[in-house]
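The exercises below are meant to be worked through with the sequence and the model side by side. Try each task before reading its solution.

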Amino acid sequence: MRVIAWLVEGTWPACVDAVRAHVPRDAEVVLLHVSERGVPGLAHGAFAGLLGRGHPERDPGTRLEDLGTTSADALMEAAARRLDGPCARLERGGRVEREVVAAAAGADLLVLARDGNRDRLGPHSLGPAGRFVVDHAPCPVLLVWPEPAPDLTTLPPPPGRR
């Protein structure tokens with residue numbers, strides 16, 4: 001069994017805990033983190049176009065890339081410690097939702113946490129990236145709440161009843 005756990009800053013502990021609770025210990029677990037490449041690229045472009053090309057050591061895009069790599073490494077290390085079992089680590093870069101779907105190809109299970117409004121039950125508990133992944137995942141999905149789920153009283157009323 002191959003399981004992908006999509007790790008996102010702020011919600012990753014719930015995914016790791018779900019793997020520990022619901023996945024056999026002998027499963028192949030892959031901890032996945034995806035970095036959006038857009039921000040460092042924008043900084044590189046702004047520097048080159050507006051601030052000057054003669055001083056590459058001043059390029060803020062390089063610093064942003066370094067910070068992102070350091071942050072991702074720390075997140076993956078913390079997740080591996082919390083999992084407390086064998087795992088592989090996979091770092092990808094690009095459009096987050098598409099990279100997650102691509103990484104899930106051939107997996108038996110994808111674990112992810114809700115990334116939208118978590119104050120109430122309903123469809124808005126999934127943000128755009130999470131919705132895309134749930135709708136397009138090529139394998140079964142285990143969707144977890146990063147904290148205890150809201151009370152059933154937060155469920156939206158049925159259509160036509162307000």
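**Exercise 1.** Does Val 100 count as buried or exposed, and why?

Solution. The model is a predicted one, in which local features need pLDDT of at least 70 and side-chain atom pairs count only at pLDDT 80 or more, while totals for chains, interfaces and linings use all residues. Residues are numbered from 1 along each chain as its sequence is written, and side-chain values use heavy atoms, with hydrogens and water left out.

Step one is to recall the cut-offs: buried means under 20% relative accessible area, exposed over 50%, and partly exposed in between, with a 1.4 Å probe and protein chains only. Step two is to apply them: Val 100 counts as buried because its relative accessibility is 0%. Step four is to list its surroundings, where contact means heavy atoms within 4.5 Å: leaving out residues up to four places away in sequence, Val 100 touches Trp 6, Leu 32, Val 34, Leu 110 and Val 133. The C-alpha atoms of Val 100 and Ala 137 are separated by 8.2 Å, although these residues are 37 apart along the chain.

**Exercise 2.** Which residues of helix 4 are buried, and what covers them?

Solution. Helix 4 spans residues 96–103 and is mostly covered, since six of its eight residues are buried. The buried residues are Val 96, Glu 97, Glu 99, Val 100, Val 101 and Ala 103. Their cover includes strand 1, strand 2, strand 3 (88–93), strand 4 and helix 5 (128–136). Glu 97, which lies in helix 4, counts as buried because its relative accessibility is 13%. Apart from residues up to four places away in sequence, Glu 97 touches Ala 129, Phe 132 and Val 133.

**Exercise 3.** Starting from strand 1, describe how the strand is paired and how the chain leaves it.

Solution. Strand 1 covers residues 2–6, and four of its five residues are buried. For pairing, DSSP must find at least two bridges between two strands. Strand 1 and strand 2 (residues 28–35) run parallel and are joined by five bridges, with Ala 5 standing opposite Leu 31 in strand 2. Between these two strands the chain passes through helix 1 (residues 12–22), and this β-α-β crossover is right-handed, a term which means that, with the strands pointing away from the viewer, the path from the first strand over the helix to the second runs clockwise. Strand 1 is also joined to strand 4 (residues 109–113) by three bridges, again in parallel, and here Val 3 stands opposite Leu 109.

**Exercise 4.** Which residues touch the most other members of the largest nonpolar core?

Solution. A nonpolar core is a set of buried Ala, Val, Leu, Ile, Met, Phe, Trp, Tyr and Cys residues joined through side-chain atoms within 4.5 Å. In the largest, which has 23 residues, Val 3, Leu 7, Trp 12, Val 19, Leu 31 and Val 111 touch the most other members. Two or more residues each come from strand 1, helix 1, strand 2, helix 3 (60–83) and strand 4. Another core of 16 residues lies apart from it, including Ile 4, Val 30, Leu 32 and Ala 103.

Leu 7 sits in the loop between strand 1 and helix 1, and it counts as buried because its relative accessibility is 1%. Among its contacts beyond four places in sequence are Trp 12, Cys 15, Leu 31, Leu 75 and Ala 79. Leu 7 and Ala 72 are 65 residues apart in sequence, and their C-alpha atoms are 9.5 Å apart in space.

**Exercise 5.** Where is Asp 84 placed, and does it count as buried or exposed?

Solution. Asp 84 belongs to the loop between helix 3 and strand 3. At 54% relative accessibility, Asp 84 counts as exposed. Its phi is near 60°, a positive value in a residue other than glycine.
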